[in-house]
Amino acid sequence: MARTRAGALASAGQEEERPVRGPWALAWFRFRRKKLPLACLGIILAVYLAGVFAPFVASQDYNKQDLDQARQAPSLEHPLGTDRLGRDQYSRIVYGARTAAIVSILSVSFGTVAGVVMGGLSGYFGGRFYSIVQPIEDILFAFPGMLLLILIAATVKPRVVEFTRAFEDATGISGLVKSGVVDYFVIFAALALFAWPGMSRLVRGQILALRETEYVEAARAIGSSGWTIIRRHLLPNAMAPVIVSVSFGLGGAVTGEVVLSWLGIGIQPPNPSWGRMIWENQAMLRTPEWYLLVGPIVVVGLIFFCFALLGDGINDVLNPRAR
Amino acid sequence: MWGYVFRRLLRLPLVLLAVSFVTFTLGHYGPGDPVEVLMGQKFNQEVADRIRRERGLDRPFHEQYISYIGGVLQGDFGESYKFQGQPVLDLVLPKAAVSAQLGLAVILISTVVAIPLGLVAAIKQGTWVDPSVVIVTLFFMSVPAFITMPFFVIVFVRTLHVLPTTGWGGMLAPQIVMPALVMSLGAIGSLTRLMRASTMEVIGQDFVRTARSKGLLERVVLFRHVARNALIPIITVIGLSLATLVEGAFIVETFFGIPGIGAFAVDSFFSRDYPVIMALVLMIAASYVVFNLLVDLVYPLLDPRIRLR
């Protein structure tokens, strides 16, 4: 993503109609007319909210087993049917949204903040600071992302679990390991670690280009401090590609979590994850009830599609040159 | 330009050294005792101690690391823990060959589909064709493999009964169809978009107008002037996209039971076969670094405004 040609905001003057003022209001005005991305924004917000308010949205507990009700076809009671343990698939998707929301929001916000700070500093001060940051970025880039994720999940997590157990024993706090906090933490940390270098390069590229502009020169000429220039002039103008990158990054982080859980090294059962859910259901492909898999994969697949459509729509609005 | 390439290539061993160090450290301090993995069920303290001494696993971390790097420099990646007595390289190479065949099939499929599709989308701009192609390719790019794989099985195996579910029979066996299709989707998406953008750029240029104005058939203009020039950046990207296929291979090979590098890597992670993991990480990371360098080198060719420093 960092490699896409990132343009600044389109010159607002060329717009035929200008009902609103300010670049952000204009961007929103343009975005509002794009029906599909707008619908996707709504769907994704709904998915996140459903995750947050999962106990109210789901029809039953995601882990409630009822072997008498196993492999039921969709019905009013179970809109997407039940899995091999008689768990309601709809409720499992809703609770899976909670995991996806926690992991993606945490890792993307951390990756964005770290990336913007690192990229901003290495772009503006360049030289010595960048010579420290660049090798770290290079190494993180050299790792194929998925491999790094798997490596961290497979090697670091058991150590963190051990450490947390010792911490529980020492402090008398209990249930941390059992609650799966460690899974969430490690996945979040691994995704964030992988997210910031891309963002940092993106921001650095922006800053390097903006630093040479006349208005920054003017700001320097009237004696603004470096910090003021970064905060008032450089960062706001570098924001458009950052937002585009964030909107793609959310979908990417959700994919990362779900893939890890699918492989069995992400969120561990009984905690809910779309990846684990689909992995467990795959066994049904060999049984006559294979159609029960259709509901979950269509719903989850559509959510991923929505992330992409939203990112694409935002990209169109904020970054018209990259079309 | 050449100075830049030289400096980047100079950095390759440094990056690989760092990557190997990170991986080695994670493996060394990570969970799982290699000797236990090696001995499996027949664990015996005395024998375990002896193996530890023979393999140098009782030595301090830095000595182990240095001797490992020394071995790698001579082409020796050590022996697998899980498959006793087998050099890692002998295990990895046949699997790399399987993954390479799958990768080749993916590149063939995606090229054959994406280039005409992108061309048509660009030509039909302003009609319903273009936005539909854009949406469909976005769909291909965004829906992950673990969603499309069960979907393909449902369609081709459970409903149409035309394909075998899993396994591997080489490039010409029917087993390759589903994994290759699944892995192609993403590549089709990105290649089509690239071809579309590239064609649109070429269509607007003066020599195309000249070709039209001297009365050439539209067909001739499209194939001889537009398509040929639009293909230049695509061909480079196709060659380079081979490296990125590794990502999809982890999941697709595991799901379809294909004995390639991706499934092997996932297996090795679960059995904590660190010598194999190390070798795979190093090989994939090396190809990534080279790939990144090539992409950076291609950029100035695509857009002369970008200059390398």
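Guide: Buried residues in helix 6 of chain B are B:Thr137, B:Phe140, B:Met141 and B:Ser142. This is a predicted model, in which local features need pLDDT of at least 70, side-chain atom pairs count only at pLDDT 80 or more, and totals for chains, interfaces and linings use all residues. Residues are numbered from 1 along each chain as its sequence is written, while chains are lettered from A and ligands numbered from 1 in the order in which they are written.

Visitor: How do you know that the span of helix 6 of chain B agrees with its number of residues?

Guide: A helix is a DSSP run of H or I with at least four residues, numbered from the N terminus. Its expected span is 1.5 Å times one less than its number of residues. Helix 6 of chain B (residues 129–142) has 14 residues and should therefore span 20 Å; its end C-alpha atoms are 20 Å apart, which agrees.

Visitor: Which residues of chain B and chain A make the contact, by number?

Guide: Two residues are in contact if their C-beta atoms, placed from the backbone, lie within 7 Å. The contact takes 33 residues from chain B and 36 residues from chain A. Helix 7 of chain B provides the largest share of chain B's side, 7 residues.

Visitor: What classes of residue make up the side of chain B that touches chain A?

Guide: Ala, Val, Leu, Ile, Met, Phe, Trp, Tyr, Cys and Pro count as nonpolar, Asp, Glu, Lys and Arg as charged, and the others, Gly among them, as polar. On that side of chain B there are 26 nonpolar, 5 polar and 2 charged residues.

Visitor: Where are the domains of chain B?

Guide: Domain bounds come from an automatic or database domain assignment. By that assignment, chain B is divided into domain 1 (2–88) and domain 2 (89–302). Their centres, taken over C-alpha atoms, are separated by 33 Å. The contact between them takes 23 residues from domain 1 and 20 residues from domain 2. Helix 1 of chain B gives the most to domain 1's side, with 10 residues.

Methods
Helices (H or I, at least four residues) and strands (E, at least two) are DSSP runs, numbered from the N terminus. A residue is buried if 20 or more other C-beta atoms lie within 10 Å of its own, exposed if 12 or fewer, and partly exposed in between; C-beta atoms are placed from the backbone.
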